[in-house]
Amino acid sequence: MSRKLLLEHINVPGINTFDVYRQNGGYRSVEKALKTLSPDDIVEEVKKSGLRGRGGAGFPTGMKWSFLAKPEGVPRYLVCNADESEPGTFKDRYLMTYIPHLLIEGMIVSSFALGVNTCYIYVRGEMMPQICILEKAIVEAKNAGFLGKNILGTGYDLEMYVQPGGGAYICGEETGLLESLEGKRGTPRIKPPFPAVSGLYNCPTVVNNVETIAAVVPIINDGADEYMKIGIGRSTGTKLISAGGNLNKPGVYEIELGVPVEEFIYSDEYCGGIANGKRLKAVVAGGSSVPILPANLILKTVNGESRLMSYESLADGGFVSGTMLGSGGFIAFDEDQCIVRNTWNFARFYHHESCGQCSPCREGTGWMEKVLHRLEYGHGKLSDMDLLVDVSKKIEGNTICPLGDAAAWPVASAIRHFRDEFEWHVNDPKSAMERNYGLAHYADPLEIEVKG
Amino acid sequence: MLSITETEVVSFSQELISRCNEVVARYPEGKQKSALLPILHFVQAEFGWVSAPAMDRVAEFLDIAPIEVYEVATFYTMFFLQPRGKYVLEVCRTGPCCLVGAEKIMRYIEQKLEVKEGEVTADGMFSWRGVECLAACGMAPVLQIGPEYTFYENLDERRVDELISNLKSKQ
Ligand SMILES: Cc1cc2nc3c(=O)[nH]c(=O)nc-3n(C[C@H](O)[C@H](O)[C@H](O)COP(=O)(O)O)c2cc1C
């Protein structure tokens with residue numbers, strides 16, 4: 001059994017209320033932090049824990065915190081990124097729905113560590129029910145003296161507000177989010193300056209994902225040493241995985257980083273195998289933006305090692321044969337799924353969500369969608385695959401924010417690993433309109449290259 | 001599209017104004033523009049959509065130029081710039097939902113309501129549209145209905161039937 005740090009009490013009836021949450025050890029980290037630790041102690045502890053951002057990029061949280069500028073007389077902000085819009089990802093919704101006080105507790109400790117007196121939780125606008133849940137929880141916490149003026153008599157003041165988005169994936173990008181929080185279109189900013197120096201209202205700002213903030217609670221409660229005991233290598237602690245697609249038991253799982261992918265998919269503790277007795281064809285392991293891998297490459301690396309659910313193991317092989325842990329949005333495709341259709345669907349998503357600021361992304365995402373659409377509907381050309389790779393390369397790295405990369409990678413990787421399925425759509429469009437390519441060789445054992 | 005020919009003036013109720021004031025108080029002085037998205041949500045919940053005169057009223061309230069409201073309302077997908085059905089069924093159309101039948105659900109809704117995506121039924125009750133990932137892939141296929149954004153999960157044809165007949169009888 002994986003140890004649970006975030007979801008340990010998720011099944012306790014009433015855990016969404018302050019009283020039950022508190023009875024189960026909730027808000028201990030606030031007492032410990034405010035009464036016995038200095039802000040710098042907390043930053044050090046988080047640094048030591050090895051916690052990496054859970055929003056997708058995996059940047060070390062303690063390091064990000066230590067970059068926060070602290071000019072005299074200028075307010076600093078903590079903004080929680082609860083925009084959760086990356087296809088395949090639904091863990092933050094789960095956490096906010098069922099255990100909202102964990103996020104609020106983490107926000108208080110993190111705000112104290114950063115010297116912040118006003119913090120915001122930016123929640124995607126579609127999550128109105130979660131916004132209400134959080135607002136209610138904030139009132140409860142405030143009534144109990146954990147928010148507001150002079151928290152627990154320590155002299156520390158903190159106000160916390162929930163901000164709704166308006167429906168735009170780009171507002172998950174941290175500077176797009178800050179623009180949106182300032183009441184503007186969510187167009188990402190040119191960096192530098194980074195938010196740590198000039199963020200919300202041009203003040204020093206830290207933006208962290210919901211799960212990252214929540215993970216600060218067990219780190220402060222039990223110490224970085226305990227946290228680091230869980231996980232593998234530089235992937236410390238636990239991770240929430242949103243498991244969806246053709247699985248027997250889709251849902252949110254808290255795993256110890258380092259669980260083998262095969263165990264995660266097939267064991268009864270987690271996803272319980274592929275639905276309807278079918279076979280696995282492909283996996284997108286970290287949200288729609290990361291490279292898709294065929295079944296054989298997601299289960300094993302090209303060196304024949306069993307692939308693990310960790311930042312390093314999923315990335316093993318780089319973009320040639322690996323992928324990324326990303327936000328932990330794990331999407332399983334069964335043997336009857338069409339990779340061309342899914343790639344078109346994702347391309348449509350990125351085209352729809354491109355903010356339009358940078359021409360490579362604005363034009364390139366639309367171009368890729370169009371070409372993939374004609375491939376899917378039987379009008380493709382054999383040269384289209386090279387064209388798509390070419391367009392994706394011209395987007396990648398040439399935009400203000402990484403949405404361009406996020407749009408390019410799924411297309412480039414689908415063609416890299418499933419080229420014959422694309423070619424089949426061109427060579428035999430009639431069949432491709434009637435049936436799917438099937439599993440083909442995508443789950444065949446890998447031929448292991450012998451090094452030397 | 002934005003309709004700019006309307007001349008009707010929209011007035012906000014005292015209750016709406018006091019809720020707007022509450023939101024403005026969350027931000028530092030002079031940063032009241034941050035309240036724009038929350039207020040547009042209030043306006044849509046109250047009037048069913050966001051009209052140009054309503055946006056002008058928001059601009060006046062926040063002491064910003066009307067264009068600053070228009071550019072925001074047109075950027076975000078949640079704001080309806082034209083009247084819609086009383087209930088808008090928003091079905092997630094992104095990859096993970098499609099792996100488990102979202103496209104079939106959309107075709108079924110289209111057939112059942114007898115309107116195309118984005119149109120309104122003759123009785124003014126329903127619209128539907130596909131939307132991008134709603135972050136509920138584990139409960140797919142899903143749809144949401146504003147202004148509360150209630151979620152309907154693990155959809156099949158029977159659930160869609162139930163949902164539509166419940167909404168009809170709620171009237
Ligand atoms: C297009 C795009 C969308 C993103 N969406 C999200 C999101 O929904 N939630 C999130 O936490 N981070 C998202 N990110 C990552 C954020 O920019 C940022 O790295 C993150 O919020 C930092 O928090 P962390 O270090 O705790 O992960 C997105 C990035 C990009 C480029």
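A: Start with R341(A). This residue counts as partly exposed, at 23% relative accessibility. The model is a predicted one, and every value here is computed from it.

R341(A) has a salt-bridge partner in its own chain. Its side chain meets that of E376(A), with N to O at 2.9 Å. E376(A) counts as buried because its relative accessibility is 9%, and the cut-off for buried is under 20%. R341(A), at 23%, is partly exposed.

R341(A) also has a partner in the other chain. Its side chain forms a salt bridge with that of E103(B), at 2.7 Å from N to O. So which helices of chain B each supply at least two residues to the side that touches chain A? They are α2 (36–47), α4 (66–75) and α5 (95–99). That side of chain B divides into 24 nonpolar, eight polar and eight charged residues.

Now the whole contact between the chains. Chain A contributes 55 residues and chain B contributes 40. Together the two chains bury about 3,600 Å². Carbon and sulfur atoms carry 58% of that area. On the chain B side, the residues that lose the most area to chain A are R26(B), F75(B) and L99(B). Those three together account for 20% of what that side buries. The interface holds two salt bridges by the rule. Polar contacts there come to 24 residue pairs, with both residues at pLDDT 80 or more.

Back to helix α16 of chain A. R374(A) forms a salt bridge with D384(A), with the closest N and O atoms 2.7 Å apart. R374(A) lies in α16 and D384(A) in helix α17 (residues 384–395), so this pair ties together parts that are 10 residues apart in sequence. R374(A) is partly exposed at 27% relative accessibility. D384(A) is buried, with a relative accessible area of 1%.

Next, the domains of chain A. Chain A is divided into domain 1 (18–228), domain 2 (239–334) and domain 3 (340–447). The C-alpha centres of domain 2 and domain 3 of chain A lie 21 Å apart. Their contact takes 23 residues from domain 2 and 19 residues from domain 3. Between them, these two domains of chain A bury about 1,700 Å². Of that area, 65% is on carbon and sulfur atoms. On the domain 2 side, K281(A), N296(A) and F319(A) supply 34% of the area buried against domain 3, more than any other three residues.

One salt bridge is counted between domain 2 and domain 3 of chain A. K281(A) and E421(A) meet through their side chains in a salt bridge, 2.9 Å from N to O. Several elements of chain A each supply at least two residues to the domain 2 side: β10 (280–284), β11 (292–294), α12 (295–299), α14 (318–321) and β12 (329–334). The largest share, four residues, comes from β10(A). By class, the domain 2 side has 15 nonpolar, five polar and three charged residues.

Two further salt-bridge sites deserve a look. In chain B, the side chains of D161(B) and K112(B) meet at 3.1 Å, N to O, in a salt bridge. D161(B) is in helix α7 (residues 157–170) of chain B and K112(B) in helix α6 (residues 102–113) of chain B, so the pair ties together parts 49 residues apart in sequence. D161(B) is partly exposed at 27% relative accessibility. K112(B) is partly exposed at 35%. In chain A, a network of salt bridges links R54(A), K91(A), D92(A), E211(A) and K239(A).

Over all chains, the count by this rule comes to 38 salt bridges. R341(A) takes part in two of the bridges described here, one with E376(A) and one with E103(B).

Technical notes
Residues are numbered from 1 along each chain as its sequence is written. Chains are lettered from A and ligands numbered from 1 in the order in which they are written. This is a predicted model: local features need pLDDT of at least 70, side-chain atom pairs count only at pLDDT 80 or more; totals for chains, interfaces and linings use all residues. Side-chain values use heavy atoms; hydrogens and water are left out. Contact means heavy atoms within 4.5 Å. Buried area is the accessible area (1.4 Å probe) that two parts lose on being put together, summed over both. A salt bridge is a side-chain nitrogen of Lys or Arg within 4 Å of a carboxyl oxygen of Asp or Glu. A polar contact is a pair of N or O atoms within 3.5 Å; within protein, one must be able to donate a hydrogen and the other to accept it, and residues adjacent in sequence count only if both atoms are side-chain atoms. Ala, Val, Leu, Ile, Met, Phe, Trp, Tyr, Cys and Pro count as nonpolar, Asp, Glu, Lys and Arg as charged, and the others, Gly among them, as polar. Domain bounds come from an automatic or database domain assignment. Buried means under 20% relative accessible area, exposed over 50%, partly exposed in between (1.4 Å probe, protein chains only).
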